[in-house]
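Please open the model in your viewer and keep the selection tool at hand.

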Amino acid sequence: MAKLRQIAFYGKGGIGKSTTSQNTLAALAEMGQKILIVGCDPKADSTRLILHSKAQTTVMHLAAEAGSVEDLELEDVLSVGFGGIKCVESGGPEPGVGCAGRGVITAINFLEEEGAYDEDLDFVFYDVLGDVVCGGFAAPLQHADRALIVTANDFDSIFAMNRIVQAIGAKAKNYNVRLGGVIANRSDATDQIDKFNSATGLRTLAHFPLLDEIRKSRLQKSTLFELPDSPAVQAVQNEYLRLAAQLWAGGDPLPAVPMKDRDIFDLLGFD
């Protein structure tokens, strides 16, 4: 049996990371891959397109109702959506109450103890809150083989990407996680991303411009692979399939070196 591969998605908040991750998983499912996704965001929206609705059965929500996470069973928190993709959302406390990062740690530990990773899976994916790479939100980096960064072609997104590169480099000293590459999203151009990649040793795996087809899929709460067929839909599906094929094939890690903050300002033309 092939080795289980674990991949974490990171990126600046609001960059379309959850949409990108879910469509990537859908493409892999179209290729016959067996997948588990763990949503690591208290909003619990990492599986909305795959399940066609927002998950209500998060680990932390059900644990609070039951009394503790030890009172839960795997089937209580696991749902199956498009392409047979297995979905779990960690959930979290109400805003301002408790630690959402702790919920991520609790959820991952629970899944391991319940044997979720022992099932017949090809991939486990983690969709992580924004660009937070501390505490519980860094926990997926202790399990993942590769980390992918979703970014737009703008300064704030690239600045956040640099911080994520720093965090992954720090975790790589003690864990197996390595950088897998960059996914350009919501940007027609990629010139700023290309500059940063050249300076740090990163590589863009896929590019998704501002496309109305992606907006429509989000409104319909479905993956792009469930939209009515058209040349435009086929084009974006093909780019996701190309990305999925790269993840399926695997590849060497990228030994990227993060930049100093001042150097990013200089590189991207800010005063």
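Between which two helices does the loop that holds His 52 lie? The model is a predicted one, and the tour begins with this residue. Select His 52: its loop runs between helix H2 (48-51) and helix H3 (59-66). The residue is partly exposed, because its relative accessible area is 38%, a value between the limits of 20% and 50%. Turn next to its backbone. His 52 has a positive phi of about 65 degrees, although it is not a glycine. Most residues other than glycine have a negative phi.

Now select Arg 186, which is found in the loop between strand E7 (178-185) and helix H7 (191-200). Its phi is also positive, near 55 degrees, and this residue too is not a glycine. With a relative accessible area of 36%, Arg 186 counts as partly exposed.

**The negative patch**

Select together Glu 70, Asp 71, Glu 73, Glu 75, Asp 76, Glu 112, Glu 113 and Glu 114; these residues form a negative surface patch. Glu 114 is partly exposed, because its relative accessibility is 33%.

**A buried serine**

Is Ser 157 buried or exposed? Select this residue in helix H6 (residues 155-171). Ser 157 is buried, because its relative accessible area is 3%, and the limit for a buried residue is under 20%. Display its surroundings next: leaving aside residues up to four places away in sequence, Ser 157 touches Lys 12, Ile 15, Thr 151 and Ala 152.

**A buried phenylalanine in a loop**

For the last stop, select Phe 225, in the loop between helix H8 (212-219) and helix H9 (231-249). Phe 225 is buried, as its relative accessible area is 14%. Which residues does Phe 225 touch, not counting those up to four places away in sequence? Show Asn 23, Ala 26, Ala 27, Glu 30 and Phe 82, and then Gln 237, Tyr 240 and Leu 241; Phe 225 is in contact with each of these. Finally, use the distance tool between the C-alpha atoms of Phe 225 and Glu 89: they are separated by 22 Å, and the two residues are 136 residues apart along the chain.

Definitions and conventions. Residues numbered from 1 in each chain as written. Predicted model: local features only at pLDDT ≥ 70, side-chain atom pairs only at ≥ 80, totals over all residues. Heavy atoms only, no water. Patch = residues over 30% accessible without salt bridge, like charges linked within 9 Å, V, L, I, M, F, W, Y side chains within 5 Å. Areas by Shrake-Rupley, 256 points an atom, 1.4 Å probe, with all protein chains shown as cover. Salt bridge = Lys/Arg side-chain N within 4 Å of Asp/Glu carboxyl O. Lys, Arg positive; Asp, Glu negative; His and termini not counted. Charge placed at Lys NZ, Arg CZ, Asp CG, Glu CD. Buried < 20%, exposed > 50% of the residue type's maximum accessible area, 1.4 Å probe, protein only. Helix = DSSP H or I, 4+ residues; strand = E, 2+ residues; numbered from the N terminus. Contact = heavy atoms within 4.5 Å.
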